[in-house]
Structures are given as structure tokens and as C-alpha cells.
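Me: I would like to go through this structure by question and answer. Please give the cut-offs as the terms come up.

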Amino acid sequence: MVEKPVIFIVSDSVGETADLVTRAALAQWGRTGVEIRRFPMVDDSFSLREVVDAARQQPTLIVYTIIVPEIRQELQRLVEMWNIPSVDIMGPMLEEMSKLLGAPEKLEPGRMHRLDDEYFRRIEAVEFAVKYDDGKDPRGFLRADAVLIGVSRSSKTPVSMYLAHRRYKVANLPLVPEVSLPKELFLVPPHKVVGLRVSPEKLHQIREERVKTIGLRSDANYSSMARILQELDYAESVFKKVGCAVIDVTNKAVEETAVRVLEIINRGVNFGD
């Protein structure tokens with residue numbers, strides 16, 4: 001049995017920079033079978049050894065943003081000792097910046113985020129997206145900058161999280177024929193609601209992969225073309241009922257869809273793509 005590859009995000013701050021770089025790189029492979037573990041506030045030798053000991057137990061890549069030179073050098077020594085693949089995100093940048101600016105860095109982990117209003121707004125937006133993901137609490141719709149609606153696997157959550165990192169509060173709602181629409185959806189200004197449309201063929205492919213991943217039978221109703229067509233027809237009827245703009249995400253990357261959502265909510269567009 002092949003062990004699942006693991007990426008350790010190690011930082012003497014929160015590790016957000018390394019996490020974002022890692023996920024951006026992984027997107028080039030479209031991989032979902034890679035486990036990412038984050039180890040924040042690692043600022044002493046004992047903590048470093050614990051992380052490295054854990055990394056030795058399975059195929060692991062360590063991606064790190066360590067600001068303090070002594071801690072960074074100790075981690076480099078340990079990964080070389082145990083032959084663990086690693087990527088230093090901040091080290092080379094700090095060294096070259098120091099040469100360019102003719103002055104040493106401040107050597108303060110988390111300095112970029114300290115008292116940084118934008119940082120805290122981003123964290124708040126991410127927490128909002130998690131709390132109001134998948135229609136968990138429709139009351140959040142009234143506080144959202146945007147509400148994404150669409151059938152299951154139409155990129156609602158990835159787009160919500162991408163926009164959250166841009167400091168937008170986004171909620172989303174899956175459209176299921178058997179589930180009544182929450183009244184809150186119709187209280188949101190139409191230009192803040194965006195429907196996500198996807199072609200039947202693309203959705204069938206995505207759901208088939210999802211079915212395989214979670215171990216359901218390949219003929220599960222969830223991925224059947226008949227069920228997909230039923231859901232898509234229902235979604236189109238909801239889009240019209242709400243009077244919202246619609247984006248076809250079939251051949252769009254998450255980033256492209258996110259940009260289009262921002263255009264819609266910022267310009268007050270009310271009708272389809």
C-alpha cells in the first residue's frame with residue numbers, strides 16, 4: 001500500500017505564507033490526495049525536533065518560513081541529517097533583500113501581521129466563509145458581501161475561500177431539488193447573489209471522481225447523468241427566481257471565477273453571464 005504524501009508547513013509565526021505558496025503549487029497538479037499539516041509558532045529546538053521526528057515517519061516535504069536565523073539553521077541541519085526534502089520560502093528572500101537594502105532584517109516572526117488591520121480582516125473573512133459554508137446557517141447571507149449558489153461540486157467553496165483571502169465575506173448555498181430554499185436568500189440584494197453554472201458533462205466527470213474518492217459505487221445516484229440534469233434544471237429555475245447574475249464555471253479556474261464574482265458584486269450586475 002502506497003503511503004499518502006504529506007507536506008508539513010512549519011513556521012515561527014502562523015504559517016499562512018507557506019500554506020498559500022504550497023497550495024498554489026499543488027494546484028498545478030490538481031492533487032487532492034496530499035495531506036497538509038501546519039505547525040505554527042515553532043520557535044525552539046525542542047519543537048523543531050518534534051516536527052522532524054514526525055516527518056521521518058512517512059514521505060514528507062517540509063515547507064517552512066522561519067525568520068530567526070538560528071532556528072532556520074537548526075531546521076536545515078536536521079532535515080539534512082535525516083535526508084528529508086524541504087523548501088525554505090523566506091530564507092533566500094531575506095538574504096537577497098538584505099543585500100539590496102544594505103541593512104539586516106528585523107528578525108521578528110509575524111511582523112507582517114502585527115497590528116495589521118488587513119490581516120485581521122482576512123482572518124475574519126476566512127472564519128465567515130467556514131461558518132457559512134454549504135448553507136450551514138442562512139442567517140449569514142444578510143451579512144455577506146456575496147452569496148454563491150449552485151449545485152454540489154460547482155466550485156462554491158473554493159471560490160468562497162479564495163475571496164475570503166481577499167477579505168470578502170462570502171456564504172454559499174447548495175441547490176438541491178428536495179431541499180426548500182431559505183427565506184434569507186430572497187432578502188439579499190440580487191446583485192450580491194451569484195449563481196454558478198457548470199456543464200452536465202463536466203459535472204458528471206467531477207462527481208465520478210468524487211464518488212471514487214469517497215468509495216461509493218460508480219452508479220451512485222449522485223453522479224448519474226439523470227440526477228445531474230435534474231439538479232441543473234432546478235438550479236437554472238432558482239437563478240431566474242432570484243434574479244441573480246450567473247457565471248459558467250465549466251472551463252474557469254477558481255481565480256477567474258472569483259474575479260468575475262467581484263465584478264458582479266462591485267458593479268451591481270443583476271443578470272446572467
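Me: Leaving aside its neighbours within four places in sequence, which residues is arginine 49 in contact with?

Reply: This is a predicted model, in which local features need pLDDT of at least 70 and side-chain atom pairs count only at pLDDT 80 or more, while totals for chains, interfaces and linings use all residues. Residues are numbered from 1 along each chain as its sequence is written, and side-chain values use heavy atoms, with hydrogens and water left out. Contact means heavy atoms within 4.5 Å. With neighbours within four places in sequence left aside, arginine 49 is in contact with Glu74, Arg77 and Leu78.

Me: What separates the C-alpha atoms of arginine 49 and leucine 78?

Reply: Arginine 49 sits in helix α2, residues 45-55; helices (H or I, at least four residues) and strands (E, at least two) are DSSP runs, numbered from the N terminus. Leucine 78 is 29 residues from arginine 49 along the chain. Their C-alpha atoms are separated by 7.7 Å.

Me: Is arginine 49 buried, partly exposed or exposed?

Reply: Buried means under 20% relative accessible area and exposed over 50%, with partly exposed in between (1.4 Å probe, protein chains only). The relative accessible area of arginine 49 is 40%, so this residue counts as partly exposed.

Me: What share of the protein's residues count as buried?

Reply: The secondary structure comes to 9 helices and 8 strands. Residues 24 or more positions apart account for 76% of the contacts with a separation of 6 or more. Of the 273 residues, the share that counts as buried is 40%.

Me: Why do the buried residues of α1 line one face of the helix?

Reply: In helix α1, residues 16-26, the buried positions are Glu16, Ala18, Asp19, Thr22 and Leu26. An α-helix has 3.6 residues a turn, so residues three or four places apart point the same way. The arc is that of the directions from the helix axis to the C-beta atoms. Seen down the axis of α1, the buried residues line one face because they fall within an arc of 160 degrees.

Me: Leaving aside neighbours within four places in sequence, which residues is leucine 185 in contact with?

Reply: Leucine 185 is one of the residues that touch the most other members of the largest nonpolar core. Beyond its neighbours within four places in sequence, leucine 185 is in contact with Phe141, Val147, Ile149, Leu173, Val193 and Val242.

Me: How far apart in space are alanine 146 and tyrosine 168, C-alpha to C-alpha?

Reply: Alanine 146 lies in strand β5 and is buried, with a relative accessible area of 1%. Not counting residues up to four places away in sequence, alanine 146 touches Lys169, Val170, Ala171, Lys192, Val261 and Ile265. Tyrosine 168 is 22 residues away in sequence, and the C-alpha to C-alpha distance is 7.8 Å.

Me: Which element gives the most residues to the lining of the largest cavity?

Reply: On a 1 Å grid over the protein atoms alone, a cavity is a set of points where a 1.4 Å probe fits but cannot get out, and lining residues have an atom within 4 Å of a point. The lining consists of Gly150, Val151, Leu196, Arg197, Val198, Leu232, Ala235, Glu236 and Phe239. Both β7 (193-197) and α8 (225-242) supply at least two of its residues. The most, 4 residues, comes from α8.

Me: What volume does the largest cavity have?

Reply: Grid points are joined across faces, edges and corners, and a volume is the space filled by probe spheres set on the points. A search of the whole structure finds 1 cavity of 30 Å³ or more. The volume of the largest cavity is about 30 Å³.

Me: Where does methionine 41 lie?

Reply: Phi of methionine 41 is near 55 degrees, a positive value in a residue other than glycine. Methionine 41 is partly exposed, with a relative accessible area of 48%. Its place is the loop between β2 (35-39) and α2.

Key. 1 Å grid on protein atoms, 1.4 Å probe; cavity = no way out; pocket = protein on both sides within 12 Å on 5 of 7 lines; lining within 4 Å. Core = buried A, V, L, I, M, F, W, Y, C linked by side-chain atoms within 4.5 Å.
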